[in-house]
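Student: I have a model open on my screen and would like to learn how to read it. Can you walk me through it, starting with the fold as a whole?

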Amino acid sequence: MQYLAMKSNDIRRNLATEQYLMNSDQMTPPFMLFYIEDSCIIVGRNQNTLEEINQEYCEEHGVTITRRLSGGGAMYQDMGNMCFSFIVPADEVRFGDFKQLVQPVVDALHDMGATGAMATGRNDIVIDGKKFSGNAMYTRDGKTFCHGTLMYNVNTDVVADALSVPKDKIESKGIKSVRSRVTNIMPYLKPEFQNLTTQQFRDELIKRIWKVDKIEDAQVNEYELTAEDNQAIDEIEGRLYKNWDWVYGKSPDFTIQKRRHFDSGTIDARFLVEEGKIANLKIYGDFFGTGDVHEVEEALQGVAYTPSAIKEKLQQLDLNKYFAGEDATQVIELLSKQEWLYTKSC
């Protein structure tokens with residue numbers, strides 16, 4: 001069985017590589033892929049991206065956001081996490097049978113000391129009732145891939161911040177993530193495996209899956225990407241994983257309300273978002289202004305529903321003309337941020 005340990009730390013590049021290798025004949029199933037990423041969130045194919053992430057936090061902290069081809073929930077990763085993929089002939093594994101596919105990883109973890117690790121009936125690997133691996137599955141053209149995360153030494157504080165949408169409640173038909181108690185697997189391993197880099201942890205798993213004593217003995221099975229491979233991967237990465245329309249525009253339509261009482265009146269904004277952009281906006285309230293607030297509504301129509309895009313558009317307007325006596329900065333904060341007061345369906 002061949003494998004590829006990807007050199008890139010960009011989730012978008014690695015997902016494009018995974019997709020290319022699955023859909024081409026460069027590697028013959030079964031084979032495995034391993035990759036390690038900088039801070040990122042990957043949402044499932046059928047999810048509303050903005051419903052899953054704290055967009056403002058991610059923008060401020062450089063967390064990359066992308067969408068994968070497979071279903072399931074949103075996952076946070078950083079350099080303390082290792083991803084793996086199994087690509088197998090579709091007729092050899094029943095779709096949804098995660099336990100069968102991830103068993104070699106579970107067996108390797110047992111050998112490294114985490115004897116309580118087990119695959120659950122759904123799509124997780126857990127220990128002591130806590131999740132450290134989430135998996136998703138996708139089938140196409142006679143091949144199935146199952147890809148998953150392994151939290152070795154992830155910054156779990158960031159997980160909560162990046163995946164927690166503060167106070168707005170978005171009403172949509174997107175598939176919601178099921179939040180679980182999470183843990184790193186590192187403390188459950190034997191002492192000699194508790195101070196590894198994530199790359200070293202990956203190599204220890206590879207040695208056990210390929211049943212060799214030295215990583216060099218496993219590397220005879222490692223695939224090397226060609227210039228032709230990389231050219232094809234470039235195209236997929238740009239067309240999908242770096243494409244705003246794929247990451248945000250594929251989200252189900254949703255409605256959201258933002259409301260706040262200011263000293264000079266209440267602003268109540270109702271957004272309809274379609275394909276990740278503001279399709280309609282109505283602003284209600286008992287505020288005063290010399291201008292018609294409909295001009296603000298029209299200015300935001302078609303703008304991407306992200307804090308930075310909304311803020312940039314509003315900063316071009318003389319908001320005091322529409323909301324007299326109010327600090328324009330606070331009005332922009334209300335309309336652009338994710339964290340003001342209560343929301344409900346429009």
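Tutor: Let's start with contacts, meaning heavy atoms within 4.5 Å. In the protein chain, residues 24 or more positions apart account for 71% of the contacts with a separation of 6 or more. Keep in mind that this is a predicted model, where local features need pLDDT of at least 70, side-chain atom pairs count only at pLDDT 80 or more, and totals for chains, interfaces and linings use all residues. Residues are numbered from 1 along each chain as its sequence is written, and side-chain values use heavy atoms, with hydrogens and water left out.

Student: How many helices and strands are there in the protein chain?

Tutor: Twelve helices and 14 strands. Both are DSSP runs numbered from the N terminus: helices are H or I with at least four residues, strands are E with at least two. The C-alpha trace spans about 75 × 40 × 30 Å along its principal axes.

Student: What share of the residues count as buried?

Tutor: Of the 346 residues, 53%. Buried means under 20% relative accessible area, exposed is over 50%, and partly exposed is in between, with a 1.4 Å probe and protein chains only.

Student: Now a sheet, please. In what order do the strands of the three-stranded open sheet come?

Tutor: The general idea is that strands of a sheet pair through backbone hydrogen bonds, either parallel or antiparallel. Here, two strands count as paired if DSSP finds at least two bridges between them. The order is S4-S3-S5, with mixed pairing. Strands S4 (64-67) and S5 (75-77) are the edges, each pairing on one side only. Neighbouring strands are turned by 20° against each other on average, direction ignored.

Student: Which way do the pairs run, parallel or antiparallel?

Tutor: S3 and S4 run parallel, joined by four bridges, and Ile-42 stands opposite Thr-66 in S4. Strand S3 (residues 40-43) and S5 run antiparallel, with three bridges; there, Cys-40 stands opposite Gln-77 in S5.

Student: Which residues of S3 are buried on each side?

Tutor: Cys-40 and Ile-42 on one side, Ile-41 and Val-43 on the other, so both faces are covered, taking buried in the sense above. H1 lies across S3, S4 and S5, running at about 25° to S4.

Student: And how do I read two packed helices?

Tutor: Two packed helices are described by the angle between their axes and the distance between the axes. Axes are lines fitted to C-alpha atoms, for helices over the stretch in contact, and angles run from 0 to 180 degrees between N-to-C directions. Helix H1 (residues 11-23) and helix H8 (residues 227-241) pack at about 115°, with axes 8 Å apart. Residues meeting there include Leu-15 and Ala-16 in H1 and Ile-233 and Ile-236 in H8. The contact residues divide into eight nonpolar, three polar and five charged.

Student: At what angle do H11 and H12 cross?

Tutor: Roughly 145°, with the axes of helix H11 (residues 307-314) and helix H12 (residues 328-336) coming within 9 Å. Pro-307, Ile-310, Lys-311 and Leu-314 of H11 make the contact with Ile-332, Leu-335 and Ser-336 of H12.

Student: What covers the buried residues of H11?

Tutor: Those buried residues are Pro-307, Ala-309, Ile-310 and Leu-314. Their cover includes helix H3 (55-61), strand S14 (277-285), helix H10 (294-300) and H12.

Key. Nonpolar A, V, L, I, M, F, W, Y, C, P; charged D, E, K, R; others polar.
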